[in-house]
Amino acid sequence: MGTLAINTEDVDSDIYLALGFKELGKGAIGTPRILSLLSSLLERSVQKNEMQSETVNIKDNVAIFHGLRAPTISIQHYIDRIFKYAGCSPSCFLVAYIYVDRFVQQTDVHLTSLNVHRLLITSVMVAAKFIDDAFFNNAYYARVGGVSTAELNRLEMKFLFSLDFRLQVSVNTFQRYCSQLQKESSEGHQIEWPIRACGIKESWSSKSDAQCAPTIAR
């Protein structure tokens, strides 16, 4: 996997290694640390927002990301599933988070258990297309994410237009998000990100790891 939009060699090497951006060698077991940090951050955001649910207004223009029920699969298991089957580079997940952050600021939507999963699969897919050398087609990501291809197509278009197609992430921005995540991890600080999740299919569970056919497309 490559990084067309970001040269990670310019990112602080200690932070880069600490967050697990260095590719795992063949036969290595485990997942990049960035995944658990992001899932923890998103879970706290969702919990905080849902505790204040009485004051949260869901705007009609982003209702497309909201489901009727929260999926049974946790954010952590969902991110792990995407990493396992989508083949995205670790950097892709941080870029996806940056995109979600921008989306939240643009739309003033709040992350909840009803929209976070759809925002995750959509943002990771968009990030993979933008920064990775190779990626899958929408039908494949839809299978990984547990939504239909038609729905994911709609989510992608809404997401892109909400971002005004601002997908470029500078090295400075990437570095800033890395530093904030590392600070939270090492010092136990709870960062107040602007982030505020997707009632995916009700039948989902943390054990639903069905194999997906590799239909890679440029």
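**View 1. His66 sits in the loop between α2 (33–51) and α3 (75–86) of this predicted model.** Helices here are DSSP runs of H or I with at least four residues, strands are E runs of at least two, and both are numbered from the N terminus. Is His66 buried or exposed? His66 counts as buried because its relative accessibility is 18%; buried means under 20% relative accessible area, exposed over 50%, and partly exposed in between, with a 1.4 Å probe and protein chains only.

**View 2. The side chains of His66 and Asn115 meet in a polar contact.** The distance for this pair is 2.7 Å. A polar contact is a pair of N or O atoms within 3.5 Å; within protein, one must be able to donate a hydrogen and the other to accept it, and residues adjacent in sequence count only if both atoms are side-chain atoms.

**View 3. Over residues 24–29, pLDDT stays under 50.** pLDDT is the predictor's confidence in each residue, from 0 to 100. For this stretch the model has two contacts beyond four places in sequence, a contact being heavy atoms within 4.5 Å.

**View 4. Residues 189–218 also have pLDDT under 50 throughout.** Here the model has 117 contacts beyond four places in sequence. For the protein chain, the mean pLDDT is 77, and 66% of residues reach 70 or more.

**Notes for all views.** Residues are numbered from 1 along each chain as its sequence is written, and side-chain values use heavy atoms, leaving out hydrogens and water. In this predicted model, local features need pLDDT of at least 70 and side-chain atom pairs count only at pLDDT 80 or more, while totals for chains, interfaces and linings use all residues.
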